[in-house]
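Hi,

Here is the structure I said I would pass on. Have a look at it first, and my notes follow below.

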Amino acid sequence: MPHTSPLTRATIHLDRLSHNLRLLQELAGGRPLWPAVKANAYGHGMVPVARHLVAQGCATLCVAHVSEAEALADAGVTARVLLFSATLPEHSEAVVRLGCEPAVCTLEFAAALSRDAQRLDRPVTIHLMVDTGMGRVGIRAEDAPAFLERCAALPGLHVRGLMTHFPRADEADKTQSLQQIEQFRRCVEATRNFGIEVRHMANSAAIFDLPDAHLDAVRPGIALYGLAPSAEIANPRVRKLEPVLEWKTRISFLKEVPAGTGLSYGHTYYTNRPSLIATIPAGYGDGLSRRLSNNLDLLVGGERCPQVGRVTMDQSLVDVTALRGRVALGDEVVIIGRQGDAVIGADELGDRLGTISYEIVTGISQRVPRVALGGNT
Ligand SMILES: Cc1ncc(COP(=O)(O)O)c(C=O)c1O
């Protein structure tokens, strides 16, 4: 472990995570919340986030892959762990040993789980993933009874849940999502005799806008981290979310340059006046996309300042001419977060890149330490 703390860091405000958790719990009418902590908790740092959520009473956490369940187990996180993504039969032994609960959508995987459950004398619990319109993984809803019939004949295998996922719950037009709820409701009806305990389908968008989808448990991801699933969420309570992550760095070099100076690789920017240019130790190696070059603002001294020239792997440039006399080496620079009254959200970076906040926060690289604050709230 290096001893020198990097200047570029992500601060994780656990008190805001608690706030968002409570808001989502209220919206879900007290149903169990099963937070998605996959992909390093959407870039927020999986283990500290998971520990905090468990301390806040979350008994189930969701990840995408077996390796993530392993990382939680290695860190001593004791929650039930649901696996969202399709898993190959070759990982069935790891699933059984870990005691996590996979979403299952092939008989091959169900059979492999049953075999390993018997061999290791450890029953395994699964959730049947039904594709009601996502078009990614899952069995067809009409095949669910026959699939469950086959599962019932597999010793050591317990089907605890029936689940599906929304592709368009974050859109203003809910027509397709409402059809999915109806289709899932029919699937629940058709599988009533199989003793399934929990039915679940709601992601963050559905928690806000589709109360009929709340069912027995909800699976929020993005909203827990204080980010709106999209700009089209109708429920005004989406504005109560508090972004959990702030991404900050500091000025590592400051120089005056004359008008007409070409800056950074390719000289994609020339100063048009004598300028004060700050260097920050953050670049695409930290997850600050090179495609943001010359199309990004940062906060310095409580003001928006333009990023100039190409974002490079480790360093980028900011025009701080407007702050002449008020800016110094070592000053804080905000990439995502607040400074005084000024705010830059992950959504803003997403809009500039033609993507979504999910990709921005998840894309902050491993080099950036996540520093968790406020763990007792
Ligand atoms: C199956 C499943 N459920 C729930 C979620 C959480 O979604 P969101 O982050 O939009 O709340 C995801 C995220 O991708 C998912 O794949």
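G345 is partly exposed, because its relative accessible area is 28% (buried means under 20% relative accessible area, exposed over 50%, and partly exposed in between, with a 1.4 Å probe and protein chains only). This glycine sits in the loop that joins β19 (342-344) to α10 (346-353); helices (H or I, at least four residues) and strands (E, at least two) are DSSP runs, numbered from the N terminus. Its C-alpha is 8.7 Å from that of L227, although 118 residues separate G345 and L227 in sequence.

Before you go further, some housekeeping. This is a predicted model, so local features need pLDDT of at least 70 and side-chain atom pairs count only at pLDDT 80 or more, while totals for chains, interfaces and linings use all residues. Residues are numbered from 1 along each chain as its sequence is written, and side-chain values use heavy atoms, with hydrogens and water left out.

On the overall picture: the protein chain has 11 helices and 20 strands. Its C-alpha trace spans about 80 × 45 × 40 Å along the principal axes. Of its 377 residues, 51% count as buried.

Which residues are around the ligand? They are K38, Y42, F84, R136, H165, N203, S204, R219, P220, G221, I222 and Y358, where a residue is near a molecule if one of its heavy atoms lies within 4 Å of it. By type, this shell splits into 5 nonpolar, 4 polar and 3 charged residues (Ala, Val, Leu, Ile, Met, Phe, Trp, Tyr, Cys and Pro count as nonpolar, Asp, Glu, Lys and Arg as charged, and the others, Gly among them, as polar).

There are polar contacts here too (pairs of N or O atoms within 3.5 Å; within protein, one must be able to donate a hydrogen and the other to accept it, and residues adjacent in sequence count only if both atoms are side-chain atoms). S204 has a polar side-chain atom 2.5 Å from a ligand oxygen. For R219, a polar side-chain atom lies 3.0 Å from a nitrogen atom of the ligand. I222 takes part through its backbone, with a polar atom there 2.8 Å from an oxygen atom of the ligand. The protein covers 92% of the 390 Å² of accessible area that the ligand has on its own (areas come from the Shrake-Rupley method with a 1.4 Å probe; for residues, only the protein chains shown count as cover).

The ligand takes up the space of the largest pocket. A pocket, on a 1 Å grid over the protein atoms alone, is an open set of points where a 1.4 Å probe fits, with protein on both sides within 12 Å along at least five of seven lines. A molecule sits in one if more than half of its atoms lie within 2 Å of its grid points.

A39 is partly exposed at 31% relative accessibility, and N40 is partly exposed at 35%.

A few other spots:

- Q307 is in strand β16 (residues 303-308) and is buried, with a relative accessible area of 2%. A polar atom of the Q307 side chain lies 2.9 Å from the backbone oxygen of G309.
- E101 is in strand β4 (residues 101-104). Is E101 buried or exposed? E101 counts as buried because its relative accessibility is 6%. From E101 to A71 is 30 residues in sequence and 15 Å in space, C-alpha to C-alpha.
- D331 is in the loop between β17 (316-319) and β18 (332-339), and is partly exposed at 27%.

Cheers

Technical notes:
1 Å grid on protein atoms, 1.4 Å probe; cavity = no way out; pocket = protein on both sides within 12 Å on 5 of 7 lines; lining within 4 Å.
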